[in-house]
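Please consult the sequence and the structure shown below while reading.

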Amino acid sequence: MTSLNRRSFLKAAGVAAAGSGLHMLAQAPQQAGQTVSPNDHIQIALIGAGGQGQGDTKNAVQVPGVKLVAVADCYDGRLAHSKELWGSDVFTTRDYREVLARKDIDAVIIATPDHWHKQAAVDSMKAGKDVYCEKPMIHLYSDGPEIIATANSTKRIIQIGSQRVSSIVYAKAKELLASGAIGKLNMVSAHWDRNSAIGAWDYTVPLDASPETCDWPRFLGTAPKIPFNAEQFFQWRKWKAYGSGVAGDLFVHLFSGTHFITNSLGPTRAMATGGLRFWKDGRNVPDVMVALFDYEEGFNLSLRVNFVNGGSESEGLLFTGSEGTIEIAGNSVTVNRVPREKEPGYTVSTFTEAMQKRYLDQYREKYPIEHPVGPPPVGVERYVAPKGYSDSYDHFHNFFNSVRSRKPVVEDAEFGFRAAGAALLSNLSMEKEKIVQWNPQAMKLA
Ligand SMILES: NC(=O)c1ccc[n+]([C@@H]2O[C@H](COP(=O)([O-])OP(=O)(O)OC[C@H]3O[C@@H](n4cnc5c(N)ncnc54)[C@H](O)[C@@H]3O)[C@@H](O)[C@H]2O)c1
């Protein structure tokens with residue numbers, strides 16, 4: 001999530017103090033200084049030490065009582081950097097099974113490319129480890145039931161890594177919607193626009209990338225066997241064999257946020273279109289995608305990702321109700337309450353003067369002019385997260401709380417499947433060039 005820059009944050013905080021509809025969100029109470037007994041000490045391992053894996057681990061080890069002891073990755077440079085980051089005594093290997101065989105590891109973070117999520121999660125739970133698995137939970141629809149069944153049979157904790165589910169900003173939006181602040185929800189529109197090479201997944205390939213430094217067969221796993229390809233190794237999102245395009249990478253976050261805020265299980269129908277408009281570099285996934293979804297709760301969702309946005313980069317969700325809107329942008333949520341008119345109004349000016357008078361007399365009898373008492377309805381209110389707020393930290397905090405208490409996580413495998421399953425409907429619809437159906441209760445394609 002993009003954070004507010006310092007200037008805009010101070011501006012927001014300052015106006016809040018002046019009391020004009022801007023408020024600072026309270027940091028979750030769980031973050032206040034906590035003491036953890038030695039028995040609560042949790043030892044973790046990282047499987048997949050790339051960009052997100054290293055970021056996740058930095059957050060995870062900030063949670064009191066959590067220690068990283070092992071790292072598995074397929075590129076030697078990332079194993080070496082893991083020792084630079086977390087100490088030379090951290091055990092490193094190319095083969096995650098060596099990590100899972102260790103008795104001193106309680107939980108693992110899985111941050112491999114998507115096509116490894118299911119196998120790594122299932123293997124980890126079967127080895128007795130609790131799992132924090134990055135989004136999207138699935139690469140194939142068949143991954144979902146297998147992960148859920150393994151979580152149930154092994155009684156392991158598994159949390160999926162859509163950190164927005166633990167965000168105080170999203171919690172506020174959820175509370176506002178539930179309180180009826182915008183009346184009846186009828187539409188959610190969300191977008192994620194980018195306009196840069198890195199935004200379009202052109203991540204840097206290290207200068208020493210080779211079959212010697214990269215464990216290519218292990219990286220491929222169940223993907224089609226092709227000769228070593230450094231681009232595919234380091235920029236895997238651009239190929240369907242390892243990722244799921246913008247749907248699996250970004251729509252899934254928008255689904256997690258929408259489902260969390262609306263308490264919905266997921267859409268029933270989807271249609272999507274898009275194409276590869278600009279980044280024609282050999283990738284086989286679109287860089288522009290628009291998709292529409294029906295929800296049984298009586299609202300529609302429209303999603304857009306545009307990697308060729310000609311200017312600004314932004315991410316946001318807008319919830320539109322019968323009496324206003326709730327908008328999430330960066331680390332803030334804004335509610336704009338627009339109470340519905342109490343009377344329908346009239347369009348009589350084209351009628352004869354006699355008809356206008358007759359109509360208005362009757363109208364005023366039915367809708368007498370109201371003399372409002374009390375203050376006018378509240379208009380715009382904005383809630384801003386404190387400076388430096390990290391939903392990723394909160395998501396790990398919640399995960400480790402569940403690891404300790406064995407209580408349910410905030411984002412379990414069913415939630416993860418419902419978010420990723422819904423997101424992947426977009427690819428399916430685009431591929432088949434038709435509307436596709438999904439049963440969100442049963443989590444099955446219909
Ligand atoms: N929650 C978020 O906001 C967020 C943000 C970025 C990425 N992600 C997710 O995190 C995951 C990783 O993305 P990334 O950007 O860090 O990718 P990355 O390419 O930077 O890192 C992936 C790492 O996994 C390693 N790997 C591949 N196969 C492996 C295997 N079998 N065993 C061990 N390691 C293996 C690779 O060598 C690589 O270093 C993806 O699923 C992505 O969707 C989530």
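A residue is counted as near a molecule or strand if its C-beta atom, placed from the backbone, lies within 6 Å of it. The model is predicted: local features need pLDDT of at least 70, side-chain atom pairs count only at pLDDT 80 or more, and totals for chains, interfaces and linings use all residues. Residues are numbered from 1 along each chain as its sequence is written.

**Ligand shell**
- Among the 27 residues around the ligand, those that come nearest are Gly48, Gly50, Gln52, Cys74 and Glu134.
- Helix H2 (51-60) and helix H8 (216-220) are the elements that give two or more residues to this shell; helices (H or I, at least four residues) and strands (E, at least two) are DSSP runs, numbered from the N terminus.
- H2 provides the largest share of the shell, three residues.
- The shell comprises eleven nonpolar, nine polar and seven charged residues, where Ala, Val, Leu, Ile, Met, Phe, Trp, Tyr, Cys and Pro count as nonpolar, Asp, Glu, Lys and Arg as charged, and the others, Gly among them, as polar.
- Domain 1 and domain 2 each contribute at least three residues to the shell around the ligand.

**Domains**
- The protein chain is assigned domain 1 (36-164) and domain 2 (166-341 + 374-390 + 412-445), with bounds from an automatic or database domain assignment.
- The C-alpha centres of domain 1 and domain 2 are 23 Å apart.

**Domain contact**
- In domain 1, 27 residues are in contact with 38 residues of domain 2 (C-beta atoms, placed from the backbone, within 7 Å).
- Of the side of domain 1 that touches domain 2, H6 gives the largest share, four residues.

Terms used: Contact = placed C-beta atoms within 7 Å.
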